[in-house]
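I opened a new page for this chain.

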Amino acid sequence: MVSRVRVWLNRTYAENVFFMDQLWRNPSDRAVEIHATHGDPDSPVLAAADTAELEPENLSPAGYVEYALDQCARRGIDVFVPRLHQSAIVAHRAEFEAAGTAVLAPPPEAVAVFHDKVIAYEAVQAIGVPVPPWHRVRSGDELVAAVEELESGGHKACFKPASGAGGVGFRVITRTPFSLMHLSGFPSPYVPLDVVLEALRQAEEPVDWLVMPRLEQPEVSVDCLTGPDNRIRLAVGRTKNGRRRGFTLHEQWLDPARRIAEGFGLHYLSNIQFRMFGDRPVLMDVNTRPAGGLHQLSLCGVNAPWAAVQLALGEDPGEVVPPFLGQDYTVVSGPRPLRPVSLPHQRPETTDPLPAVPAPPSAEPAGSVGSAAQALPL
């Protein structure tokens, strides 16, 4: 009898409730139990998991590794999918393996390369993958020089942290003075240059930003599955152009993604993002973890999370080829249940004396509603 597989996801994105769904509904019909931990008690990932636990706050990376090793031992974890403190965890892979846990993440050398975008851009350029023009800036003077150079070439300048994940900290520089226009409607990524310079003057420490031209759509995120032998098993591009999403197997996107994934040993699941600079694709970012939208590959008949778990267990799924490419779609939010929580009863403000009766027993609400991305065909 084949034993069940115990998988742990730590402090991951809300969208990974769909990652979990795919593990439970795996094509091997293998029993999977999922353990989830998070710092937010209202994370829908905690509600969805078979077992869940709140993570301790303010642990150092070393302290978190000790916590993670304890979780794996106590919970009998077979496969650990780390997001939080990934760098520290992969540096201790041997200790997790000694505890019987496979870490579903690249080796520390690969994680280190792509933690810093400047190092990453220099590294991928060395293997022939094109990147956009970029400037590393730490001061107002460096920012002005970078913006003026880009604008002289007819580009709109933008910046983002030199290290970080997703679109956190991304802004587009504008010369338009700050006005009520910036306060109407929804918040915008556009920020006036003079406002940024004033913020830098008032800052107590230098920034570390990457300044580059704003790249054009389409944006293509290539989801890759690479084995510990550095051989890629899966590469599918997810396209984004405004609200419209779709899929591609065009080599102008897949070839550079394969070169990066195999050349740097991005074992297991990674996500490599490209946009257009002029008439050619250039690298935008590399994520050494599963993308939040990975589950969308299910519209192509692919279960990437399960194939990755198989690889981590030493069960090679072979080349994973989409049997078809799904139709174009968009992404909308939908309800997701949360864990019931007990809130202390709030006594209304009153000057009247409280009645001398026993307090009613604490009741738990039936549940709340969360939000998670779901893919719907257009």
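I looked up Cys72 and found 1% relative accessibility, so Cys72 counts as buried. Buried means under 20% relative accessible area, exposed means over 50%, and partly exposed lies in between (1.4 Å probe, protein chains only). Cys300 is buried too, with a relative accessible area of 0%. I then checked for disulfides, that is, pairs of cysteine sulfur atoms within 2.5 Å. The structure holds 0 of them.

**What I am working with**

This is a predicted model, where local features need pLDDT of at least 70, side-chain atom pairs count only at pLDDT 80 or more, and totals for chains, interfaces and linings use all residues. Residues are numbered from 1 along each chain as its sequence is written, and side-chain values use heavy atoms, with hydrogens and water left out.

**The whole chain**

I noted 11 helices and 17 strands in the protein chain. Helices (H or I, at least four residues) and strands (E, at least two) are DSSP runs, numbered from the N terminus. The protein chain has 378 residues, and 47% of them count as buried. I also looked at contacts, meaning heavy atoms within 4.5 Å. Of the contacts in the protein chain with a separation of 6 or more, 65% are between residues 24 or more positions apart.

**H6 against H7**

At what angle do H6 and H7 pack? I read about 105 degrees between helix H6 (residues 108-115) and helix H7 (residues 117-126), with the axes 5 Å apart. That makes H6 roughly perpendicular to H7. The axes are lines fitted to C-alpha atoms, for helices over the stretch in contact, and angles run from 0 to 180 degrees between N-to-C directions. Angles of 65 to 115 degrees count as roughly perpendicular, under 35 as roughly parallel, over 145 as roughly antiparallel and the rest as oblique.

I listed the residues that meet. H6 brings Val113, Phe114 and His115, and H7 brings Lys117, Ile119, Ala120, Ala123 and Val124. By class, this contact has 6 nonpolar, 1 polar and 1 charged residues. Here Ala, Val, Leu, Ile, Met, Phe, Trp, Tyr, Cys and Pro count as nonpolar, Asp, Glu, Lys and Arg as charged, and the others, Gly among them, as polar.

**Phe264**

Phe264 is in the loop between helix H10 (251-263) and E14. Phe264 has 21% relative accessibility and so counts as partly exposed. Leaving aside neighbours within four places in sequence, Phe264 is in contact with Ala110, Val113, Phe114, Ala123, Val124, Ile127 and Arg259. Phe264 and Ala123 are 141 residues apart along the chain, and their C-alpha atoms are separated by 9.1 Å.

**The cores**

I turned to the nonpolar cores. Each is a set of buried Ala, Val, Leu, Ile, Met, Phe, Trp, Tyr and Cys residues joined through side-chain atoms within 4.5 Å. The largest has 37 residues, and those with the most contacts inside it are Val7, Leu23, Leu104, Leu234, Leu269, Leu297 and Val309. Elements that each supply at least two residues of this core include strand E1 (5-10), helix H1 (17-24), strand E12 (232-241) and helix H11 (304-312). H11 gives the largest share, 7 residues. Apart from this core lies another, of 30 residues, among them Ala110, Val113, Met212 and Ala235.

H1 is mostly covered, with 7 of its 8 residues buried.

**Glu55**

Is Glu55 buried or exposed? Glu55 is buried, with a relative accessible area of 5%. Glu55 is in the loop between strand E3 (51-54) and helix H3 (61-75). Beyond neighbours within four places in sequence, the contacts of Glu55 include Asn10, Arg11, Thr37 and Tyr64. Glu55 and Thr37 are 18 residues apart in sequence and 5.8 Å apart in space, C-alpha to C-alpha.

**Backbone notes**

I found a cis peptide bond between Gln217 and Pro218, with omega about 10 degrees. Pro218 is in strand E11 (residues 216-226).

Asn230 is not a glycine, yet its phi is positive, near 65 degrees. Asn230 is in the loop between E11 and E12. Asn230 is partly exposed, with a relative accessible area of 33%.

Tyr268 also has a positive phi, about 70 degrees, although it is not a glycine. Tyr268 is in strand E14. Tyr268 is buried, with a relative accessible area of 9%.
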